[in-house]
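The following questions and answers are meant for someone meeting this structure for the first time. Each answer ends on the value or name asked for.

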Amino acid sequence: MLRLELRPAPSRLMIYLSPLLAMALMLVVGMIVFTILGQPPLKAFHAFFVEPINDWYGFGELLIKSSPLALIALGLAVGFRANIWNIGAEGQLIMGAIAAGGVALWLHETTNAWILLPLMFIAGALGGMFWASIPAFLRTRFNTSEILVSLMLVYVANLILSWLIHGPWRDPDGYGFPQSKLFESSAILPIMMEGTRVHAGLFITVLALIAAGIFFRWSLTAFQMRVAGLAPKAALYAGFKQKKMVWLGLLAGGAAAGLAGTSEVAGPIGQLLIPISPGYGFAAIIVAFVGRLHPVGIVLASLLMALLYLGGESAQMQLALPAAVSGVFQGMLLFFLLATDVLIQFKLRWVSKASVGAA
Amino acid sequence: MDMNTLVLILAATVAAAVPLIFAALGELVVEKSGVLNLGVEGMMVVGAIFAFMAAAETGQLWLAILVGAVAGAGMAAIFGFITLSLMANQVATGLALTIFGIGLSAFIGQGYTSVALDGLKEISIPVLSSLPVVGKLLFSYNILVYLAIIAFVGIWWFLYKSRSGLILRAVGESPSSAHALGYRVIRIRYLAVLFGGAMAGIGGAYLSIAYTPLWAEGMTAGRGWIALALVVFATWRPGRVLIGALLFGGVTIAQFHVQGLGVEIPSQFLSMLPYLATIIVLVLISRDAGVIRLNAPASLGQPWHNELH
C-alpha cells in the first residue's frame with residue numbers, strides 16, 4: 001500500500017510542481033466528467049480551454065477577467081501570508097464599487113475624466129478598506145474571528161447595493177429595472193487594446209503587482225508577517241506587532257478589492273447593478289493559493305482562473321452545459337492543489353502489507 | 001399581540017432554527033474532535049440540491065432526507081481526505097469545499113429551478129395536535145423538527161455520557177496523547193467529519209424539501225456560516241447551540257413581522273439582521289479571550305500526523 005513518509009527537508013521542487021500537478025489533475029478529472037456527461041472529451045476540452053481565447057477579442061476577455069482576480073489575490077496574499085484570513089473580498093469589492101459609483105453619480109457634471117476617474121478609484125479603495133476595517137477592528141479590539149465577520153459582511157454589502165439600486169439610486173428612466181443611471185463618459189475607463197474590451201483598469205493591477213513585488217521582497221513588515229504565518233510562536237517571542245499585521249493584512253485586501261470593484265463599474269459595466277462581480281472575491285482566494293501567495297504565481301493563476309470563467313461561458317454556448325461548471329472546476333483546482341501540497345513535506349512510498357503490519 | 005400571533009411566531013422561530021440546529025450540532029462534533037471544517041455552507045447546499053432531486057424524481061421524502069445526508073457526508077469525505085490523510089490546511093480546504101459545493105449545486109441543479117415539490121408535511125397526532133396553544137407549539141411540526149431534537153439529545157448524551165464521546169473529546173484536546181493511548185486519531189476524526197457532513201446535508205435537505213420546498217441557487221444564504229458562528233457563540237456546548245439556533249430563528253422571523261407591524265424600513269435592512277446579529281454575538285462571546293481559550297478544543301484546526309509529533 002501507499003504510505004506517506006516525512007521528508008528530511010521540504011521539497012523545493014514540489015513547491016513549484018504541485019500547482020502544475022493540480023492543474024493536470026483538474027484537466028484529467030474534468031475530461032472524465034465531460035465524458036460521463038456524454039460530451040466527447042476533446043471537443044469539450046477545445047470548447048472550454050481553446051475556443052474562448054483563440055482570437056484577439058477572446059484574449060482581451062481573458063485579461064479583463066484575470067485583472068481583478070490578480071489584483072484582489074495580491075491584496076489577500078498580504079494577509080494570507082500571516083494567516084490573516086480575509087474571505088470577504090467579495091463584499092469589499094461591492095463596497096468599493098458603491099463608493100466609486102456614488103462619486104460617478106454625484107459628480108456626473110464633471111466632464112474631465114482625469115479628475116473624475118482618480119477620484120472614483122480613491123473612493124473605491126477607501127470603500128473597500130472601510131469594509132475590511134470592520135473585521136480588522138473587531139479582531140484587534142475584541143479578538144473576533146475575521147473569517148466569519150468578513151464573510152457575513154459580504155451578505156450585508158450585497159443588501160446595501162440592492163437597497164441603493166432599488167431605492168435612492170435607481171435610474172428614474174430605467175423602466176423600473178433595479179439599476180443606477182449609466183455613468184457619463186468621463187467616468188468610464190478608456191479602452192487600451194483596439195478590438196477588445198480591455199480597459200485602463202489593467203494598469204492598476206500592473207501597479208499593484210509591482211508594489212506587491214517590492215513589498216514582499218524588501219519590506220521588513222512583510223518578512224515579519226511571513227514569519228508570523230509560518231511560525232506564530234516565534235513571531236510572538238520576537239515581539240512582532242500582531243495588531244499592525246492584522247490591520248495591514250485586512251486593509252491591503254480591502255483596498256485591492258475596492259479598486260477591482262471600481263474597475264468593474266467604471267469598465268465593462270458602466271453603472272451600478274447586481275451582480276457587479278461573478279464571484280471574483282471568492283475566486284481570488286483560490287488564485288492566491290494556487291499562485292503560492294507570490295506575485296508571479298498569482299498572475300499565472302489569475303490567467304488560469306479567468307480561463308475557467310470564460311470556459312464556463314463557452315461551454316454553456318457550445319455544449320449547452322450550465323456556466324456554473326466554472327465553479328466546479330475552480331473548487332476542484334484548489335482541492336487538487338491542497339492535496340498535492342502534501343508532497344512538499346512528505347514523499348510517497350510503496351510499502352508491502354507485511355511491513356505495515358510489523359510497524 | 002394576541003396569543004395566536006405569538007404562538008405562530010414561536011412556531012415559525014422553531015422552523016427557522018432547525019437547519020441551523022442540524023448544521024451547528026454536526027460542526028460541534030467535528031470541532032470537538034479537533035477539526036475545523038469551514039465547508040458547512042458547501043455541504044448544506046449540496047445536501048439541499050441532492051435531497052431536492054431525490055424528492056422530485058422519486059417522491060419519497062424519507063429517501064430524499066437520506067440522500068441529503070449521504071451527499072453532505074460525501075462532501076465531508078473530500079474534506080476529510082485532504083485534511084486528515086494529506087494534512088492540508090483546514091481553513092483553505094474548508095473554503096474550497098464551500099466554493100466547490102456552491103458551484104456543484106448550481107451545476108447539477110440547473111434543470112430543477114422551476115420544479116414544484118410537495119414538501120414534507122406537518123405531522124398530525126390525534127387529540128395532541130389539535131390542543132389549543134400546545135398543539136401548535138409542540139405537536140404540529142414536520143418530522144425533521146423532531147429529528148433535530150432527537151439529534152440534540154443524542155449528541156449531548158454521546159459527548160458527555162458515553163465512553164466514545166470521551167475519546168472523541170480527548171482526540172480534540174490532545175491527539176498525541178490519544179494516539180499514545182492507542183486510539184486511532186485519524187479514524188476518529190474521519191468519523192466525526194463524516195457525521196458533521198451528514199448533519200449539514202440534512203440541514204440543507206430540510207431547507208429544500210420542507211422549509212421552502214423548491215430549489216434556488218445559493219438557497220442556503222449563509223446559514224452554513226451562521227452555523228459555524230453558532231458553535232463559537234455556544235462555546236462548544238450543545239445546549240447553547242440549541243439556544244443560539246432558536247435565537248437566530250427568532251431574528252430571521254422578526255424581519256417578516258416588523259414589516260407586518262407597519263414599520264417603514266426597506267426590506268434589505270431587515271434581511272441584514274441575521275448577518276449583523278451573527279457579528280454582534282461573535283463580538284460579545286470572543287471579547288473575553290479566556291472564554292474561547294478555555295472552551296475551544298485545544299487542537300482545533302491543527303493538522304496531525306503521527307510522524308509529525
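pLDDT is the predictor's confidence in each residue, on a scale from 0 to 100. The model discussed here is predicted.

Q: What pLDDT does chain B average?
A: In chain B, 99% of the residues score at least 70. For the model, the scores are ipTM 0.90 and pTM 0.92. The average pLDDT of chain B is 91.

Q: How many helices and how many strands does chain B have?
A: Read from the N terminus, the elements of chain B run α-α-α-α-α-α-α-α-α-α-α-α-α-α. The secondary structure therefore comes to 14 helices and 0 strands.

Q: What radius of gyration does chain B have, and why does it agree with a compact globule?
A: The C-alpha atoms of chain B fill a box of roughly 60 × 45 × 40 Å along the principal axes. Of the 309 residues, 50% count as buried. A compact globule with 309 residues would have a radius of gyration near 19 Å, so the value for chain B agrees: 20 Å.

Q: Which element gives the most to the side of chain B that touches chain A?
A: The contact takes 39 residues from chain B and 37 residues from chain A. On the side of chain B, the elements that give two or more residues include α3 (61-85), α4 (90-108) and α13 (273-286). The residues on this side divide into 28 nonpolar, 9 polar and 2 charged. With 12 residues, the element that gives the most is α4(B).

Q: Which residues touch the most other members of the largest nonpolar core?
A: This core has 233 residues. Helix α9 (residues 185-211) of chain B gives the most to the core, with 16 residues. The residues that touch the most other members are Ile72(A) and Val287(A).

Q: Is Ala257(A) buried or exposed, and why?
A: Ala257(A) lies in helix α10 (residues 242-269) of chain A. Leaving aside neighbours within four places in sequence, its contacts include Ile72(A), Gly75(A), Ala89(A) and Gly281(A). A residue is buried if 20 or more other C-beta atoms lie within 10 Å of its own. Ala257(A) has 37 such neighbours, so Ala257(A) counts as buried.

Q: What distance separates the C-alpha atoms of Ala257(A) and Ala99(A)?
A: Ala257(A) and Ala99(A) are 158 residues apart along the chain. Their C-alpha atoms are separated by 12 Å.

Note on methods
Residues are numbered from 1 along each chain as its sequence is written. Chains are lettered from A and ligands numbered from 1 in the order in which they are written. This is a predicted model: local features need pLDDT of at least 70, side-chain atom pairs count only at pLDDT 80 or more; totals for chains, interfaces and linings use all residues. A nonpolar core is a set of buried Ala, Val, Leu, Ile, Met, Phe, Trp, Tyr and Cys residues joined through C-beta atoms within 7 Å. A residue is buried if 20 or more other C-beta atoms lie within 10 Å of its own, exposed if 12 or fewer, and partly exposed in between; C-beta atoms are placed from the backbone. Helices (H or I, at least four residues) and strands (E, at least two) are DSSP runs, numbered from the N terminus. Two residues are in contact if their C-beta atoms, placed from the backbone, lie within 7 Å. Ala, Val, Leu, Ile, Met, Phe, Trp, Tyr, Cys and Pro count as nonpolar, Asp, Glu, Lys and Arg as charged, and the others, Gly among them, as polar. The radius of gyration is taken over C-alpha atoms; the globule rule is 2.2 Å times the number of residues to the power 0.38.
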